[in-house]
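Here is a short briefing on one protein chain. Please look over the structure first, then work through the points below.

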Amino acid sequence: MTLEHDKEKESHVCNQQECGIRATFPFVSRKYLEVSGHFFASHAGTKLLRALKKERMLNHGGMTARGRDVFELRCLPGECVLQRAVMVRKKLTAREGRGWLSGTLFCTHFRVAFVPQDAPKPDDNADPVLLGDHDVALASIEKVVVVGPNRTKLVTPNSSLKFTPEELVLYCRDLRVICFLFDRLTPDTQVIEITHTIAKTYQPLKPGSVLSFQNAALGSVEMKQFLSNRRRDAHMNWHESAADWEREVERCGATGWRVSSVNDRFEMSTSLPRFIVVPQKVLDTELKKSFAHFNDGRIPRWCWRHPHGSDLLRMASFQNNIYHEKDDIRNLELILFGCHSSACVVVDLGEELPSPADIQLAHGRLRALCLGDISTSVTVPDEKWLSTLEGTHWLDYTRWCLKKASEVACLLRGGHMTVALQEAEDRDMSCVVSSLVQVMCDPHCRTRLGFQSLVQKEWVTAGHRFYSRGNYHRDNDKEEAPVFLLFLDCVWQLWSQYPSRFQLTDDFLLALHDSTHLPLFSSFLANSQRERCRRTQNLGQCYTPVNGWRDPPHTDSGPEPPDPPLPPVWDWSLQYSEQRQAAFTQPVPQTPQPPSLINGNLNTHLDAHRPSDGTPGSVFLLSRGVFSCPTNLLPWRGGGAGVSISGVYRKSHRRAPSSENVPGLERLLKACSLSEAPSKPKPDPYEPLLPLLMGPCMGLWRECYHRGALHAQAFSHPLSANHSHPLEFLAREVRRLQARLAQASPASAAEPQPGHDANHNANNGTFLFPKSHGAAASAPKAPSAAPAQASSPARRENANKHSFLFGHASDTRTGRANSKVAKSNPS
């Protein structure tokens, strides 16, 4: 009797729960209630009923939230929830611990948010975070793929679904792949509607409308007030005012240089910053005549000073068909030589480094290889994965940038001279090389604040085309090129070889990498400082040949509505919690500051045995690893004063003259690099961190590129997360073979072979630094096969044919061919 009574009571409770759900959420189909059985009488059914009641309240309220929580989702001021789906599981990556996490999936007009089921309640008094740990901005989504019963489909705004998706896979532009699994109890209408909502919202309706995300999410009055009240980090140098540049000049001890405001209104150059550093000998009135001689007015300007006394400059190529006056020639040479009258080396970056189109093609191939695509059947076999990686040429381009930066770092370390980086437009590869040189030589740039100031100086204010290279509008593929991401990969290569010399960690580099794909920050939403100032101040300007850039006259229609105040990317509290920010840095020993020069005397730190031969006022060209002294390097020296540059300066002068033309410079650099200083008790902290460029020493940034590879395939059940990816099996096999090789020959692995030099680059035959310095001690060891290869008689014979520091032009082609054969280590 009691058993029958209990069954009757349980059936009555189920009927009540079912009626309540049907009344609260009418579009729930009957089949979910029949399949679940007595599910709604359990604790999980009660939680589902509460969620459905909240859904009814959400529909009644218009699904709008302003500064309040909607179903435990912390909405931004002005953010609206468009659609949601309950009983969803998210697949966790390897960094997140793997497995699956249950929760609720939301789609707003700004982001795709996932709120875990057991997530702590958000604090109402805490500052809002633009993106949570499980959120992804709609603007950073590149592709939406759904998985159904035995089929996959790429979802577009105009596509229709004829089946109920079981999984939702989001391919992001930052090389992430986010996978969501819908539960059987998730209503079909929710699954289909949230899939269509994401597909229609992440793609702009027309080119140029991607900023509607910022205007809608960050354009409210509350959000504007919140962002305007935020304070910048006072310990960081933003390089936006004259005082910031004065502080940088003082920090580097660059006596003889001054901060000029000649480009305060961007009249001389629209891409240069408002303040530039020029020699003190050149007045602003004389400086204005020099802008017309260079492309886009990007004249030679100071970037950084090495503690040994050399200065690093950046400049664009010379302008064609320009008549040179005698006074113009004097000013140009004063700017080019700076405080040094002995020698100037012009480093040509257009011959050895890749173009933006090459970088874009290589990055696209790398994305296709690392991410894969479950909507297509094109896959790369595991045995051809490494060769395919080498065929992308991404690691080759990284190696070339590091090699060129190493050459410039050796030049700056060698003697008192100016080294000018020359590029056609001075806005892409010059940013990469100048930044890498400072990271290699300056310990301050390897700290978090120092690295942020470096990016501000050499990229943001220097006029790198962040907006065009990022292609946030997705309407100009010709200008798109991830040049800044190539720089971050180069920095990661240095960090992986010298981790103890960096205060910043790979977590910081990864966070900065992901932030570039998020069009929310003023740092990446402009091509120059002028565009950034016009957007923040809403000052439109017009150009006239007589008056230059001037403000337009006032009209009765009133000013245009200003854009929302976008925050800088360095405001990390808007993206990450304090615990995540703590992983951005690690403790490093303090580096002593270099002693300041006395009264600008550049000979205070010269060694007694250092040769000082060389003709005063000599200009050398460094191209393809060879020094040369062409007579037509400076156009005004080719045909005397007052001649036209047309027909004199051509890029076709790439002949490789004999090294006898520059004996003084090579002897000077060789003596400076091979000289031993036994009196120094400690190694020089400003010794450049020169990387090993051999194939096995160049690794793949797995934490960045392999985040989506391990879960880019469809999983029909959470138990599939326990199965390993085929790449993991391959990595285990490689490690097992390495361990067996180490056990088989422990003596050969421990003792270096005679004639082996870890500093020797097998690809280009370059001796980057001498054995006497201690930089090679901290470098990672090459595999056991490398010493045997380097100790061969043929290799020792070829090594004697190379000149110091740079190989001849005939050897460069051979080294580049050998670099294509070498395989890179993905670990």
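Does His109 count as buried or exposed, and why? His109 has a relative accessibility of 14%. Buried means under 20%, so His109 counts as buried. Keep in mind that this is a predicted model.

**The chain overall**
- The protein chain has 827 residues, and 51% of them count as buried.
- The chain contains 27 helices and 20 strands.
- Take the contacts between residues at least 6 apart in sequence: 73% of them join residues at least 24 apart.

**Around His109**
- The loop between strand 4 (100–108) and strand 5 (111–116) holds His109.
- A polar atom of the His109 side chain lies 3.3 Å from the backbone nitrogen of Cys80.

- Eight strands form an open sheet in the order 6-5-4-3-10-9-7-8, and the pairing is antiparallel.
- Strand 6 (136–137) and strand 8 (151–155) are the edge strands, each pairing on one side only.
- Strand 7 (residues 141–148) runs antiparallel to strand 8, and five bridges join them.
- Val144 has Val155 in strand 8 as its bridge partner.
- Helix 4 (residues 188–201) packs on this sheet. Helix 4 touches several strands, including strand 3 (81–91), strand 9 (167–172) and strand 10 (177–182). The direction of helix 4 makes about 110° with that of strand 3.

- Six strands make an open sheet with mixed pairing, in the order 13-14-16-15-19-20.
- Strand 13 (301–305) and strand 20 (626–628) stand at the edges. Each has a single partner strand, so one side of each is left without a neighbour in the sheet.
- On average, neighbouring strands of this sheet are turned by 25° against each other, direction ignored.
- Strand 15 (residues 343–348) and strand 19 (residues 618–623) run parallel and are joined by five bridges.
- Val345 has Phe620 in strand 19 as its bridge partner.
- Helix 12 (residues 394–414) lies across strands of this sheet, among them strand 14 (311–316) and strand 16 (418–423). Helix 12 runs at about 175° to strand 15.

**Strands 11 and 12**
- Strand 11 (residues 257–260) is covered on both faces. Trp257 and Val259 are buried on one side, Arg258 and Ser260 on the other.
- Strand 11 runs antiparallel to strand 12 (residues 276–279), with four bridges joining them.
- Ser260 has Ile276 in strand 12 as its bridge partner.

**Helix 6**
- Met223, Phe226 and Leu227 are buried in helix 6 (residues 221–228).
- These three residues cover an arc of only 95° around the axis, so they sit on the same side of helix 6.
- Val221 and Ser228 are exposed, on the face turned away from the buried side of helix 6.

**Nonpolar cores**
- In soluble globular proteins, nonpolar side chains tend to be buried together.
- The largest nonpolar core here has 144 residues. Leu436, Phe451 and Phe487 touch the most other members.
- Beyond its neighbours within four places in sequence, Phe451 is in contact with residues including Val439, His444, Cys445, Phe487, Leu504 and Leu512.
- Another core, of 25 residues, lies apart from the largest one. Among its members are Phe163, Leu170, Ile178 and Ile194.

Note on methods: Residues are numbered from 1 along each chain as its sequence is written. This is a predicted model: local features need pLDDT of at least 70, side-chain atom pairs count only at pLDDT 80 or more; totals for chains, interfaces and linings use all residues. Side-chain values use heavy atoms; hydrogens and water are left out. Buried means under 20% relative accessible area, exposed over 50%, partly exposed in between (1.4 Å probe, protein chains only). Helices (H or I, at least four residues) and strands (E, at least two) are DSSP runs, numbered from the N terminus. Two strands pair if DSSP finds at least two bridges between them. Axes are lines fitted to C-alpha atoms, for helices over the stretch in contact, and angles run from 0 to 180 degrees between N-to-C directions. Contact means heavy atoms within 4.5 Å. The arc is that of the directions from the helix axis to the C-beta atoms. A nonpolar core is a set of buried Ala, Val, Leu, Ile, Met, Phe, Trp, Tyr and Cys residues joined through side-chain atoms within 4.5 Å. A polar contact is a pair of N or O atoms within 3.5 Å; within protein, one must be able to donate a hydrogen and the other to accept it, and residues adjacent in sequence count only if both atoms are side-chain atoms.
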